[in-house]
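Q: I'm new to this one. Can we go through it together, a bit at a time?

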Amino acid sequence: MSERTQPVGGRPPLLEMRDITKLFPGVVALSHVNLTINQGEIHLLLGENGAGKSTMIKTIIGINKPEGGEMRWLGEPVKINSIQDAYDLGIAVIYQELSNIPCLSVVENMYLGFEKKKIGLIDWKEQKRCARKALDRVGLSDVDLDTPMENLGMGQRQLVEIARAIDRNARLLIMDEPTSSLSRKEIDFLLNLMKELNQEGVSILFITHKLDEAKEVGHKVTVLKNGQNSGETLDVAGVTEDQIIKMMVGRSLDEKFPKRKVSIGEEMFRCEGLCAEKFDNISFSVRKGELLGVFGLVGAGRTEAMRAIFGADPLADGRLYLEGQEISIKNPRDAIKKGVVLITENRKEEGLILIHDVIENGTIVTMKKFRNPVGLVDNKKRRKMVCDYGASLNLRPMQPEKEAMNFSGGNQQKIVIMKWLMSNAKVFIFDEPTKGVDVGAKVEIYNIMNDLLAQGASIIMVSSEMEEILGMSDRVMVMYEGHETGVIENDGKAGQEEILTLATGGKLA
């Protein structure tokens, strides 16, 4: 067992996880992991998808029962057997997948399961008084307490959950990928709020894939790799991003965006004058072997345009051409038949059936391929095909019968891509392809995209990350408030300033 962490400034650590081991059938999820969070500290917990971060969080709050190790709270041994035990100590979690109930009001969500009561009845007046105070603290002074959560934006919902934790006087706030669905403005606000809460004495365990955000707010960093500590806990101020990446993936990622040598061919796909409720008069083309980046700020209409091209949402007007021939796409079935596919931003709800295994998800759109002459499904052929594609995509673990929900974010994205690779598509629309994916898996996904381009496919990539847009695109189409504001050749001359000018409604000189 490791030596006990020395108190900081005479105070014992807030939480110590010592030699924690967690086993699942056939899998060692955590092996002798140590994590020490000091009082008044923002501690970073980093690692690739599948490194054990989520398992660690669930162990801290009592969902997982470890097979070995010890937990200490303020220097004293403690048993956390349930989420209620964690709340009673002062531990609150803000998950990447928000846990609020959309149809209930803000105040109902804030006190669900923890209602304030008076003479056995819910004390609505007191709940609203306390909720108002907590919401004001997180910058939601203008939010009506009776508003249904579904009427709020993603950033506002995130802040409601933080307000709930503040109202319960949380001493340790665990934030699991809190910025993955937020705009740049919302991210900046949240990072500043984290600093303010920390100055007021709240300790924070911050899980993120965005290393620039991590370094901006963190004090200490612990890295997990394959369910184990990857090196010692380090001071954030003295570590570089490359060092962290090397600890996470076991190698340096000097080339974040792998280069490709693909000759760009003739036009593959063209849109002319596309119009719908959220966008107007969008026109662009993409050639064989070309990656067209699509950039815009929140509300620019990027995702809406891509969904309409795929037939998921209706088009009011416009024309589509594939290899010079006009085509009609009324629904996703039409798009798939024509060879136009969408790798959706929301993989959990729109890209996968989480309770189904890899075989079911990977072959769901190509079942006809696996039917024999009498109409029966050849399951051996399905399994072999999934295994072959899984091996080429480096799916981990390679367990075809495992349910999609039990894979990490990066590997779930590979399952979605597998599904469309089997369809022999010609045009791949990637909407935020590396959202919620660690740096190692990002490079793997970029290599998959490069392989598609080398085979003559065309890619349209929507991304909110400027570095990704500049690192992967041959050309960049920029959108602002539903309009196309320009297409820029990404030849090394154009840069972030020009793209942001167009993305904010400006014009280039």
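Q: Good. What kind of model is this?
A: It is a predicted model.

Q: Start inside. Which residues touch the most other members of the largest nonpolar core?
A: Phe269, Met306 and Phe428 do. That core has 73 residues.

Q: Which helix gives the largest share of this core?
A: Helix α15, residues 439-454. It supplies seven residues.

Q: What does Phe428 touch, leaving out residues up to four places away in sequence?
A: Its contacts are Val341, Ile343, Trp420, Leu421, Leu452, Ala457, Ser458, Ile459 and Ile460.

Q: And the second core, what's in there?
A: The second core is separate and has 50 residues. Among them are Ile162, Ala170, Leu193 and Ala214.

Q: Let's switch to rings. How many aromatic pairs does a search of the whole structure find?
A: Four. One of the pairs is worth a look: Phe257 and Tyr446 have ring centres 5.3 Å apart. Their planes sit at 40°, so this pair counts as tilted.

Q: Why tilted?
A: Because planes under 30 degrees apart count as stacked and over 60 as edge-to-face, with the rest called tilted. The Phe257 and Tyr446 planes are at 40°.

Q: Where do Phe257 and Tyr446 lie?
A: Phe257 is in the loop between α8 (241-249) and β14 (267-276). Tyr446 is in helix α15. The pair therefore ties together parts that are 189 residues apart in sequence.

Q: Is Phe257 buried or exposed?
A: Buried, with a relative accessible area of 17%. Tyr446 is buried too, at 2%.

Q: Next, salt bridges. How many does the structure hold?
A: The structure holds 31. Take Glu67 and Lys22: their side chains meet at 3.5 Å, N to O.

Q: Where do Glu67 and Lys22 lie?
A: Glu67 is in the loop between α1 (53-60) and β4 (68-73). Lys22 is in strand β1, residues 15-24. So the bridge ties together parts that are 45 residues apart in sequence.

Q: How accessible is Glu67?
A: Glu67 is partly exposed, at 47% relative accessibility. Lys22 is buried, with a relative accessible area of 8%.

Q: Another one. What is the N to O distance for Lys288 and Glu266?
A: It is 3.8 Å. Lys288 is in the loop between β15 and β16, and Glu266 is in the loop between α8 and β14. The two are 22 residues apart. Lys288 is partly exposed at 25% relative accessibility, whereas Glu266 is exposed at 56%.

Q: Which residues make up the network of salt bridges with Glu266 and Lys288?
A: Glu323 and Lys426 join Glu266 and Lys288 in that network.

Q: What about Arg382, which residue does its salt bridge reach?
A: Glu360, with the closest N and O atoms 3.4 Å apart. Arg382 lies in helix α13 (residues 379-392) and Glu360 in helix α12 (residues 358-362). Arg382 counts as buried, at 5% relative accessibility. Glu360 is partly exposed, at 33%.

Q: Now a lysine without a partner. What is the nearest side chain of opposite charge to Lys419?
A: Glu350, and it is 9.6 Å away. Lys419 is buried yet has no salt bridge.

Q: Where does Lys419 lie, and what does it touch?
A: Lys419 is in helix α14, residues 409-421. Not counting residues up to four places away in sequence, Lys419 touches Gly351, Asn361, Gly362, Ile364 and Val365.

Q: Last one: Gly289. Where is it found?
A: Gly289 is in the loop between β15 (279-287) and β16 (291-295). Gly289 is buried, with a relative accessible area of 1%.

Q: What is Gly289 in contact with, beyond four places in sequence?
A: Arg260, Val262, Ile264, Leu453, Gly456, Ala457, Ser458 and Asp474.

Terms used. Residues numbered from 1 in each chain as written. Predicted model: local features only at pLDDT ≥ 70, side-chain atom pairs only at ≥ 80, totals over all residues. Heavy atoms only, no water. Helix = DSSP H or I, 4+ residues; strand = E, 2+ residues; numbered from the N terminus. Buried < 20%, exposed > 50% of the residue type's maximum accessible area, 1.4 Å probe, protein only. Lys, Arg positive; Asp, Glu negative; His and termini not counted. Salt bridge = Lys/Arg side-chain N within 4 Å of Asp/Glu carboxyl O. Contact = heavy atoms within 4.5 Å. Core = buried A, V, L, I, M, F, W, Y, C linked by side-chain atoms within 4.5 Å. Phe/Tyr/Trp six-rings, centres within 6.5 Å; stacked < 30°, edge-to-face > 60°.
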